[in-house]
Every structure is written in C-alpha cells, then in structure tokens.
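Hello,

The structure is below, followed by notes on what was found in it. Please read the notes alongside the coordinates.

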Amino acid sequence: MNLSTASRTFQLLSRLLDPRSSTEPFVPSAGDKRALPLRPAAQPFPRALPEACGVSSRHIRKFLEELSDSALHMQTVMVLRHGQVLCEAAFGSQTLLAPTYTFSACKSVVSLAIGLLADDGLLAVTDKVEDIFEVPGLRRRLKDLTVEDLLTMRAGLLFTEAEALTETDWVRRFLSAAQKSEPGADFFYNSLNTYLLSAIVCRKTGRGLTDLLQERLFTPMGITDVLWEKCPMGVEKGGWGLYIRPEDAAKLGQLVMDGGVWRGQRLLSGEYLAAALAPHAIPPASTGDFNYGYQIWVGRRENTFLFNGMLGQNVLGFRDSGILVVTNAGEDTDFQESRYFEIVSRYFGGAFPEALPPDSAESSRLAETVRDLSAYSGQALTVEQAGEGAGLFLNRSFTTQDPMAPSVGLLPVVLQALHNSYTQGVESVAVSVRDGLPELIYREKDAVYRLPVGLGAPRVSALDFQGDAYQVAALGRFTHDEEERPVFYIRLDFVETPCVRIVKLALEDGHMVLKQTETPGVPYVYRKLRQAAQSALYKPLLLVAAGGTEDDFLRYKTLQLLSPQIIFEPQN
C-alpha cells in the first residue's frame, strides 16, 4: 500500500468514526444492489426423510437445538446427503427464500470459474500474472507471481478490502502494493487475491465472471436471482459480494462433492477439482482446523472441504459420508474459530449407514422443532391486541437536534461501510398505524423510510437505501425496560445479509430516547479496527487522532458509532 492510499483510508475511517457529521466517501457507491425476490430455488433438490438416507431425525433435531444457542447467531441451515435435503430450517425472522450475501464463501465460486478456464485451455495455474496484465514495474517486482499464488493466497501483497474503499483501479493498486512476502512463499489471506482472479476471468474471456458462470454453471444447475457486486471499474469483486440463495449455494457444494458432475452432466473437470481440494498452503492454527487449496478450505484431520465466509457462511462437505451442511449466520468470527465447527463435526464427522428404519414420531418432533425455530410460526397480532403500552407510541412524532444525530441511520453501519454508502443522519421518528400494524416512519436528511412492524410474527418489506434495495423483516413488541420506562422494541433483520438492527424507542419525561444496536456489533467491529490499527502506517495516524492510546479511542468511537443514543422531542 502506498502512503496516499493509507492517508485516504485513514481519512475515511476518521469520517466514519465522527458522530457529529455524516460520512463522505472517496468513491461514491454504485447503488447496484437491486431488489432480489424471495422465492424457492429453481431445480430444487429432492427432499427425503432423514432415516431414508441413514441419518436419524433425532440426531438432526439435537443438532438444531445446539445451533439455536444465541451466541452462534444462526440464520439458516440445510442438511443434505447424496444430493437429497434431509432438513432445512430458518431461525427467527430469517428465510431460506432469500439470496444471501456472502463474504469469503464466494471465493470458492471464483475457483470454479478458474477451473472452467483451465478446462477450456484458456489458462493454466502456472501462468504468470505479468503475462496477463500490463502494469508498470510489474515484470521487475512480481515476475514470479502465478495464478496459483493467487488461488492459494500466497501473492504476499498488502492492498486489501479496506484500502479498496478509497480507490477505483484495484488491479493497478494491488499489483503495485507493498509486499509482505515474496510470491509463493507464505500464506497471507487477502480478498484482493480473489478479486484479481475475477479480473483475470474478464481479461481472458472478454466478459464478466457472472456471465461465464451463468452460461456454464448457473443456468444448467437452475441457480437464479444471483447478484455479484462490482468494483468501480465494473469487475465483480470476487472475494466478497455475491448474493446467492442457500439452496443454490448447496448446489455448488454438491457439484464439488460429486467431482464436477451435476445430475449426470459433467460441468467441471475432476482433474481441476482434485487440485483445488489438495492442501497447498497451511494457514495459522488461529484460523481453524483447515488447510487451503485453490480458494477452498480443506480439512486437516477430516476428509472435508469448505466454502467459508466471515460471520458464518459455510458450505461444508463431508466427503466420506456424502453429507453436506450449508449454514448462514451473523456470528462475530472471521474464519473457522466458531464453536459451530466443533458442533457440526461432532454430529456429522463420523460414518453413517445408507438407511435406517422409519421413525414417524421423531420425524414429527423434528418438524415441530423446525417450525418453532421460525418467528413466522408465531400468531400475528394487530395494534388493538398489543396491550396498553402501544397507545403511548402510536400516532406520535418526535424530532431531534442532538449533535450526534448526523451519523445515525436506519441501515446497519456494517452495510453502509460495505457499500461505501452512508447515512446523512436521522431527523425525526414517528409511529403511525397502517393496516392494523404499527408503522415506523424514520426520516433521514435525504430519505424517509416507512416500515410496517409485525407484532407476534415478522412483517417483510422492501426498502431502498440510496439505490440499494433490501428485504427487511420487522418484528416488534411494546414492553418496559429495566427502569420501567415504556419501550417500543423493534428488531430489523436484513434477511439477505448477516446484519440485524435493534431499535428501541423509550419514553421518559416527555421526550423519547432512541437507542440503536446492531449485529455484527461493537466487539467484532472494535476488534477489526484494532487489528487495522496495528499497521505501521496507521498506528501513528490513530495516535494523533486519539490524543492518547488508540485502543481507548477506538473503543469509545466504536460505541458511539454502533450503539448510539439520541434524544428526541415531541412534535406539536
């Protein structure tokens, strides 16, 4: 990374952490997150009772019960064996119908695209990157950098996702970045390796990554409604930003499980997949119990493969038993350090028979557990059934002049940062009644969001945030806090993402207090910022900005950013 990039990145971070003003990005958001439909997958897998595939319903029920631990922030799970779905469940307000945002789990999808190029003879993993891109000085600095170095996270270059938020030409910046190590030497996890692979697909085929995958994999496999975010130059981000339905992600996992064959049709060579699933790099033990192949994680002690993304997107294949477990979550993890991996290995890491006797009683209990995990199984209520406290909030409006309001918005801060699209600040909050439900009216300086809030069961609405469209499930209740103040508690699940926003409206002495929190929240974001602050480039800048230790500064600022508390006064 050069000093100008470091300076811009620090300036963006400083703007984001300043609660007194809205954040101005260096590179405006493309606003390309279109509305994605909530509907079942095309060409769905066949469904089967677990016992018919050698797994007991009780075994899966116990697995789901362990996953319901709130610390795991589980959202959806599917369990398959031999290409048949044994169980699928959505937790809380989540749904299996939504194409879901993937972070690094989509790196494995990029690997499949590279495999298609290799199968076509357009590319070899031994090809030199200097022969693909024309970047001044590249031949001198990175003459030994190969496609395989990118596939195995061994490029050793330091330009990362955070710096990319302030730049437009990611290829040039990545290839001209400072080196942490020589190409091919050390494992250094960096999503811009995968971005460069995406750019290579564009360079070699003359079209985008999505177009190639659409023709060769997605259409034959019935994978629909996908969206892959692009960089400012129009290239798919590759290492993050793919929206894909859980069942469609399972199809790609099944393709890998079956050696590149989908329903009798070969789509990808077994030779490439054998190389992709071989351990080429040994990551630090802190990342988890997996080695690294070609953008696919490979079990160290079990015969497994893994598509893995931070916060908990996982497509985990147990190759000996043919069991595939697909999950989405919002847990505060980067790699495989979650307790989830101990749980899933304990339940599915062993041997299973091909079939078991039917067990209708346990099948019914499993179905009941799946139903109870979903908030949509609750009884929907109207405002008339919501209790006496509802009347204190309904048909009232509140405005604010709080100096912290310019940085507070309805969209979770993590999503704002991902899309480089930031709130202009909240001005007023109101609660009306529409079609028997409370409606939250959240007015920011440049937008008004009207959100029906379900009582007893979630209500899903589509909201547009500066050109990015999201499906939001809202579930609320009228209650009291620990100080016995009347509270309208609203949970907003952005069901296409790992992000959740909690809004609490509390009445006190004639005014209203707005408290907001989100998941992933303060502990996770603070840890990520603290890691960035250890950089030799950033540490002096943060010390100057903090006026003291950067730890104290970052902890305080992260709390202000992710857990704001704003005072509102009633409108006349």
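Strands S10 (residues 304-309) and S11 run antiparallel and are joined by 6 bridges; two strands count as paired if DSSP finds at least two bridges between them. Helices (H or I, at least four residues) and strands (E, at least two) are DSSP runs, numbered from the N terminus.

This is a predicted model, in which local features need pLDDT of at least 70 and side-chain atom pairs count only at pLDDT 80 or more, while totals for chains, interfaces and linings use all residues. Residues are numbered from 1 along each chain as its sequence is written, and side-chain values use heavy atoms, with hydrogens and water left out.

Strand S11

S11 is largely enclosed by the rest of the structure, because 6 of its 6 residues are buried (under 20% relative accessible area, with exposed over 50% and partly exposed in between; 1.4 Å probe, protein chains only). Gln313, Val315 and Gly317 are buried on one side, and Asn314, Leu316 and Phe318 on the other.

Cavities

There are 5 cavities of 30 Å³ or more. A cavity is a set of points on a 1 Å grid over the protein atoms alone where a 1.4 Å probe fits but cannot get out, and lining residues have an atom within 4 Å of a point. Points are joined across faces, edges and corners, and a volume is the space filled by probe spheres set on them.

The largest cavity holds about 130 Å³. It has 17 lining residues, with Thr102, Ala105, Ile244, Ala249 and Val315 closest to its centre. Elements giving two or more residues to this lining include S11 (313-318), S12 (323-329) and helix H10 (246-257). By class, the lining has 11 nonpolar, 6 polar and no charged residues (Ala, Val, Leu, Ile, Met, Phe, Trp, Tyr, Cys and Pro are nonpolar, Asp, Glu, Lys and Arg charged, and the others, Gly among them, polar).

The second largest cavity has a volume of about 90 Å³. Its lining of 14 residues has Leu411, Gln416, Ser421, Phe465 and Gln466 nearest the centre, and divides into 6 nonpolar, 6 polar and 2 charged.

Regards

Technical notes. On a 1 Å grid over the protein atoms alone, a cavity is a set of points where a 1.4 Å probe fits but cannot get out, and a pocket is an open set with protein on both sides within 12 Å along at least five of seven lines; lining residues have an atom within 4 Å of a point.
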